[in-house]
Amino acid sequence: MHPPRPHAVPVSLRMVLSLALCCCAAAPAAHGGDSENAPVPESVRRPNIERGGNPVDYTIRARLEDPAKRLRGALTVRFENRTDAPAHDAWFHLYLNAFSNTRSTHLVESKGALRGNTIEDEWGWQRVTRVALGDRDLTETFRFRHPDDDNTADRTVFSVDLPEPVAPGAAVELTVEWESQLPRVRRRTGHKGDFILAAQWFPKLGVFEGGRGWNCHQFHAVTEFYSDYGTYDVELDLPDEYAGKVFGSGVVESSETRDGRVITKLAAPSRADREREDHTGRRAVVHDFTWTADPRYVVFRDTFRVGEWLARFPDDVAEARRALQRVPETGMRDVDVTVLIHPERESQARRHFEATCAALFFYGLWWGGYPYEHVTCVDPAHGAGAGGMEYPTLFTAGTQLFTTPDMHSPESVTIHECGHQFWYGLVGNNEFESAWLDEGFNTFTTSETLVRAFGKRRGTTQYSELFVDGVAYAPAPGGSTWADVLSARTLPFVHWHPVRSSGFLERWRDQPALTFAAQWDDPRWNDRTRFLQDTDRDAMDTHAWLYADGLGYRVNAYNKPATMLRSLAAAIEAEYPGTDGRALFLRGLRHYSETWRFRHPTPDDFFRAFHEGAGVDVQWFFDQVVREAGSIDWRISVDQRKEPRAAGVMIETPGESGEPGELTASGEAPWVAEVLVASRGEYELPVIVRLNYADGEHEDVVWTRAEQAQRAWLKLERKGDRQLVSAIVDPERGYALDVDRSNNAWYAQSDEVAPARWFERAFARFAHVLHWQAGIGG
């Protein structure tokens, strides 16, 4: 899912050696299947059993009544128990009931509002009318469940009892009939006019975890989803105005119009994908099904071609080859891409396509190829609130008018949501309990991809939906009530607003052509900025609905894990001097992604797989940064002076004859430098301290974890003929987790002009706005 506003990410990959470039040029492009030059580690070519979930295969038929947007459907689900314990009942999700009334857990937690809008009408709901096992009706055993909060008014989970337990290795086929009302788009599901995005729209089986029972959480305000892998065969019956404009997960197999209705059959994955083994030896499956329809869709189709993208980015391919020590593009394939876009934004269709291709290429290069033949990118209807969400082989993006590619809109959200096909789609962690395992990993990779494919982001300022180049040097000064009075926005003691806020008024005030500065941002640093909003209130590894608040969820699910991953290479290099932290990082994460493809990893599974792939143990890092609420801030100071020249007389020892001699110093007086490095915060992470000397040489000292555990400071004393010109903690700026980098460096000579320049510009900004206010808006 896309966070409530842009995201960001990571560390830049280093440019590669010329030898690696030569190797890249000599290697053949892979378009699917295995390569003899690129063996996949045997540890990832394992049967999908251990925590691989229980295979579930759905057959669903549903009919939409228009204009009421009422759905009636029936499904059969075949459930195979691959755990070591019998299943005595079956638990299902009814997600749409989160929007049925203000007493649902979802709306209680969100205080009755979604995306800032209070819910007052156009509710949604689901009602199960029958559950059966063969010819045995189980409906009488139906009961709602409340595993998370005992809210008896919540109706998002139900269970039925099974006549006989499903033994390990056995399978059953359940039938469920239901009806539902699609809401006005809520949390990225529902309708707006004729636009429909049907997500979490059918009764969906939870995940049976053996002795732990069913993992089937209620639908919370910030949680997403968790379900087992399998196949979906779906038949949708809609009014014929939707003919040719019905799409969903997987592929459309057929579409037939008769009696004023259009019958569309879809399969996810496609029949061909179900028979094809990917480079890890597994056949494709999915863990959800979503569909969309809109008569206004403009359909854009093209193909992602692996060979073209390999040729466009040879340096990145060579770097991945060197780091992974094998052909990284093994398993990548050409993919058909469909973009569903609305007429007013049709000119942006190719930009959505290019961003989708960028995600398929870089994610596939680093984490393993996309195994499906097709992916669909949806540009939702304006005002629908359905953008920025991921589903298997289908995702929703979103954009604005009047943007350009260097603004990264829609490129950023498109890459992020397509990237979820890997982190969540292929590696199926529990998003209720460990949201950071997909959102954080995806946020990290999004900006790594974005900066390579589209460069730095151009800073703009928006006035009434129109963009101008540049940004203000500083925010406008706040004046609260009196500022509004002076600018005629309000009158004191009365509720009258002669001059209302508007983009045109604010543009007149700011005069951006005269006062703004150009800005180009590396998207990899945006996530650190967001991480700094809430560095240490919650432990990252927390169930999504148990964070302090919405900010805690956003930071710990998206921004802190991305910042953590960005810092991991620096931690490896400091703990294991002489290693290539970036290469080991890529190996560890690639091994994890391939080992747990089509499976359900936990945080501990990630830790173990990363260690196996990287070949180093960094559990001490994960135990602190992932499992503890805390932070780290290193700072450095230096006291440097020349030692006083020797003076006085030399006194002989007893027994020596002669007059006292004069003590004189020869040569230059030595430099004496006292370097003090200190840390503030709970984390104890190894870090490099670099001392740079005037002769161009430098000295690296590692402040170890053990030393930091003993005391929160490190003192280094250096004496000699060399002058220290700078001292820097984390000289490569690898630790994005450091909450204040402004105190990480000391310089013998400092720039006194730059701060004065920025102060002058900020002061001019304040003076300009205050003059405008004093003149009652000019």
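**View 1. Strand 22 and its pairing partners.** Strand 22 and strand 23 (residues 374-378) pair in the parallel sense over five bridges, where pairing requires at least two DSSP bridges between the strands. Helices (H or I, at least four residues) and strands (E, at least two) are DSSP runs numbered from the N terminus. Strand 21 (residues 298-304) joins strand 22 in the antiparallel sense over seven bridges, and Phe304 has Val335 of strand 22 as its bridge partner. Six of the seven residues of strand 22 (residues 335-341) are buried, that is, under 20% relative accessible area with a 1.4 Å probe, protein chains only.

The model is predicted: local features need pLDDT of at least 70, side-chain atom pairs count only at pLDDT 80 or more, and totals for chains, interfaces and linings use all residues. Residues are numbered from 1 along each chain as its sequence is written, and side-chain values use heavy atoms, with hydrogens and water left out.

**View 2. Helix 6.** Helix 6 (residues 349-367) has 19 residues and reaches 27 Å from its first C-alpha to its last, close to the expected 27 Å, which is 1.5 Å times one less than the number of residues. Of these 19 residues, 17 are buried.

**View 3. Cysteines without disulfides.** The whole structure contains zero disulfides, a disulfide being a pair of cysteine sulfur atoms within 2.5 Å. For Cys418, the nearest cysteine sulfur is that of Cys377, 7.9 Å away. Cys418 is buried, with a relative accessible area of 0%; Cys216 is also buried, at 3%.

Technical notes. Buried means under 20% relative accessible area, exposed over 50%, partly exposed in between (1.4 Å probe, protein chains only).
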